[in-house]
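Here is a short report for a reader meeting this structure for the first time. Keep the sequence and the 3D view open while reading.

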Amino acid sequence: MRSPDPCETAPDGVHVAVLGLNHVSAPVAVREEMAFADDQAQEALARLEAIAEVTECVLLSTCNRTEVYLVSPNPDKAVAAVRDLLDEIKRTTVMRRPEWTFTHRDAGAMEHLFRVVCGLDSLFVGEAQIFSQVKHAYDLATQAQRVGIVLNRLFQAALHVGKRVRTETEIGAGAVSVSSAAVGLAEKVFGNLNSRTALLVGAGETARLTAEHLAERGIRRLIITNRTLERAHALAERFGAEVIPFGERTNALPDADLLISATSAQEVLFQAADVRQAMRRRPRRPLLVIDLAVPRDIDPAVNELEDVFLHDVDALNVMVEQNLVRRCKEIPRVEEIIGEELEEFFAWYESLAVTSLIMALREHMEAIRQEQIERYQNQFCREDRSRLDQFTRTLVNRILHHPVTRLRTFSRDARWGPVRLDTVRDLFDLEG
Amino acid sequence: MTLLTELLTVLLPLCYALLTATYAVVFFRDEPGMARILKPFLSITLALHALYIALRIVLFRHLPLATVFESFAMIGLALAFVYWIIERIVRTPSTGMFVLGLVFVFQTVSSAFIGHGGAINPVLRSPLFGVHTTAAVIGYAAFALSAVYGTLYLLLYHELKVSRFGIIYARLPSLGILAAMHEWAAMVGLASLTVTIVIGMTWLPRAFGWAFTDPKVLLTVTIWLLYVLVVLGHRLGWGSRVRIIYISIFGFILLVFSTLVVNLWLHSFHAFT
């Protein structure tokens with residue numbers, strides 16, 4: 001399969017372009033500065049409407065990227081105007097800094113979107129969240145009536161590619177962060193988490209991420225404890241969790257199916273004897289213990305207890321690395337699928353030029369026909385005029401039938417198609 | 001008809017060998033192309049197996065349960081059929097390699113030693129015998145499944161204990177699901193074996209005279225007691241799950257021993273030819 005060449009000509013008057021920055025081009029502080037919450041994105045979409053050069057647009061903003069996809073007859077002018085507008089909204093000059101931003105046009109822009117939605121452009125290859133983020137950005141733009149025929153088709157195609165690669169390849173297989181690996185492990189032990197209880201010790205960034213993953217997977221009950229209780233309460237509020245005093249942490253063990261500890265404590269917080277005692281009060285229920293702290297919070301001897309599974313941060317890092325290698329092996333297959341889908345989309349995209357040319361040709365012929373009828377209709381009696389109209393209409397259609405059929409095939413000829421279309425335009429003095 | 005039966009006797013072990021190998025490729029390499037052929041391949045093999053059993057019933061005019069090797073063909077069919085249902089429910093072929101590998105063993109032993117008729121004990125024509133043996137076959141197939149899922153539980157348990165996240169970790173269902181499947185299979189097996197024993201006990205004295213000291217009967221009752229322990233252990237939370245699973249695997253080994261060794265080398269009334 002041939003992937004469209006980014007330098008291939010686009011249909012006249014219809015260009016797709018993307019202007020953006022991402023985790024590769026810009027540091028996190030810059031990305032934070034340019035991030036758009038939903039209400040800001042809606043405001044930006046409304047203001048983008050005022051730019052005459054931009055006929056359609058979608059604004060995609062995540063923690064790792066801010067990108068504007070647009071359709072314009074004059075993409076250079078449109079990109080410059082969007083650049084200025086984004087800077088104006090954020091009161092910054094970030095988008096004018098070429099070292100932090102990028103632009104792609106036509107096939108390049110389409111391929112970029114397809115790679116983004118498949119997770120090939122993500123910090124962790126194949127991450128799943130980007131798919132829903134792209135869909136959300138498309139929905140926002142649709143609600144704001146900023147999506148027309150081209151971006152509608154492009155985003156539908158991109159979402160189709162995203163679904164296809166996740167079904168046909170293992171690009172999204174396995175967890176690729178320590179916190180999600182911990183939750184994945186819990187699912188491997190218990191299956192569904194919606195009848196399980198987790199005890200989370202700590203209230204830092206790792207604990208927050210773990211709580212987020214547990215909430216996403218539908219944990220039934222989350223108990224949080226931390227040396228500084230205020231921080232535990234702040235975290236618990238976000239996830240509807242319970243808080244217990246730090247000193248009572250071992251008392252919560254008999255209720256917990258999952259113990260995750262991520263503190264900066266310098267001493268062991270859970271001795272093997274604590275866990276042994278808890279296991280006696282909860283026979284036959286496995287306990288998954290995940291120690292994400294360095295130095296470790298949990299006595300390694302707990303792993304010798306029956307039905308207790310202890311994993312530390314090293315073990316989880318091994319899992320994450322294995323999963324990343326596995327995902328990277330899938331990249332060639334994903335790129336092959338992107339190539340196939342891009343070719344299909346590009347065929348439609350190029351046919352836009354042919355469609356407008358065919359319309360122009362028909363209008364041109366119709367104008368000649370009308371002109372000639374006007375000129376000669378007085379030479380015909382009233383009864384014959386409708387026959388004359390019918391006859392000339394049929395004649396024009398018959399004359400155009402073969403050229404129109406041939407014109408449609410030109411869009412599939414990457415090498416000579418554009419030249420032939422230009423010749424037709426030239427012959428009939430058309431502008432389509 | 002005889003030719004077709006003989007052909008299937010040879011063909012079935014080959015089909016199961018190939019099927020197990022295909023499931024193994026999908027398990028270890030996760031080939032989507034191979035995964036697509038699993039369902040039709042399993043269905044075709046199952047249909048051939050059912051045809052084989054039907055042909056034997058028509059050809060020899062009795063349920064193919066007269067010898068231990070005929071029973072193995074029936075257990076293989078029951079096991080493959082139950083797995084076929086399970087795969088449709090859980091929608092993952094990850095345990096197929098293990099279950100169908102066991103079916104391959106049963107069918108290969110059966111095909112290698114199965115006879116072609118001969119004088120049959122008239123007791124085989126009794127309707128109670130049909131219920132007794134059908135319940136036994138279902139029970140044996142369920143115990144075999146329970147042993148497979150128990151073994152997979154122990155494998156995954158070990159991998160989780162040593163923090164090894166290899167192919168076993170990636171492909172097997174969760175520990176919770178394996179434990180539940182082990183428990184359910186053991187319960188179905190126990191219920192079926194109970195029916196088998198009750199019918200056997202009430203019908204034995206009429207058919208054979210007093211035969212409760214028969215080695216097969218003694219071993220079957222021992223196996224039944226072991227599985228009572230397994231099921232109660234699961235339901236009431238006695239002892240550790242790992243130990244209960246070891247007991248069930250021991251029970252299954254004893255069951256194969258009782259079927260194979262006792263029938264072949266010890267004197268038992270459970271030989272009908």
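## Chain A at a glance

In chain A, 74% of the contacts with a separation of 6 or more are between residues 24 or more positions apart. The model is predicted. Chain A holds 14 helices and 10 strands. Of its 432 residues, 40% are buried.

## A helix pair in chain A

Start with two helices of chain A. Helix α12 (residues 331-376) packs against helix α13 (residues 382-410). The angle is about 160 degrees, and the axes are 10 Å apart. An angle over 145 degrees counts as roughly antiparallel, so α12(A) and α13(A) are roughly antiparallel to each other. Their crossing is right-handed.

Which residues make this contact? From α12(A) come A:V354, A:L357, A:I358, A:L361, A:R362, A:M365, A:R369 and A:I373. From α13(A) come A:L388, A:D389, A:T392, A:V396, A:L400, A:V404, A:L407, A:R408 and A:F410. By type, the residues of the contact are 12 nonpolar, one polar and four charged.

## One exposed residue

A:Q370 also sits in helix α12 of chain A. Is A:Q370 buried or exposed? It has 12 other C-beta atoms within 10 Å. A residue with 12 or fewer counts as exposed, so A:Q370 is exposed. The C-alpha atom of A:Q370 is separated by 9.6 Å from that of A:R393. Along the chain, A:Q370 and A:R393 are 23 residues apart.

## Chain B at a glance

Now turn to the other chain. Chain B has nine helices and zero strands. Along the sequence, its pattern reads α-α-α-α-α-α-α-α-α. Chain B has 273 residues, and 40% of them count as buried. Among its contacts with a separation of 6 or more, 78% link residues 24 or more positions apart.

## A helix pair in chain B

Helix α3 (residues 68-90) and helix α5 (residues 127-161) of chain B cross at roughly 60 degrees. Their axes come within 9 Å. How do α3(B) and α5(B) lie to each other? At that angle, α3(B) and α5(B) are oblique to each other. The crossing is right-handed.

On the α3(B) side, the residues are B:S71, B:M74, B:I75, B:A78, B:L79 and B:V82. They meet B:V137, B:I138, B:Y140, B:A141, B:A144 and B:L145 in α5(B). This contact divides into 11 nonpolar residues, one polar and no charged. An α-helix has 3.6 residues a turn, so residues three or four places apart point the same way.

## Helix α8 of chain B

Helix α8 of chain B runs over residues 215-236. How far should its 22 residues span? At 1.5 Å a residue, they should span 32 Å. The end C-alpha atoms of α8(B) are 31 Å apart, which agrees.

The buried residues of α8(B) are B:V217, B:T220, B:I223, B:L226, B:Y227, B:V230, B:G233 and B:H234. Just after the helix comes B:G237, with a positive phi of about 70 degrees.

## Where the chains meet

Methods:
Residues numbered from 1 in each chain as written. Chains lettered and ligands numbered in written order. Predicted model: local features only at pLDDT ≥ 70, side-chain atom pairs only at ≥ 80, totals over all residues. Helix = DSSP H or I, 4+ residues; strand = E, 2+ residues; numbered from the N terminus. Expected span 1.5 Å × (residues − 1). Buried ≥ 20, exposed ≤ 12 C-beta atoms within 10 Å, placed from the backbone. Axes fitted to C-alpha atoms, helices over the stretch in contact; angles between N-to-C directions. Parallel < 35°, antiparallel > 145°, perpendicular 65-115°, else oblique. Left-handed = near helix turned anticlockwise from the far one by under 90°. Contact = placed C-beta atoms within 7 Å. Nonpolar A, V, L, I, M, F, W, Y, C, P; charged D, E, K, R; others polar.
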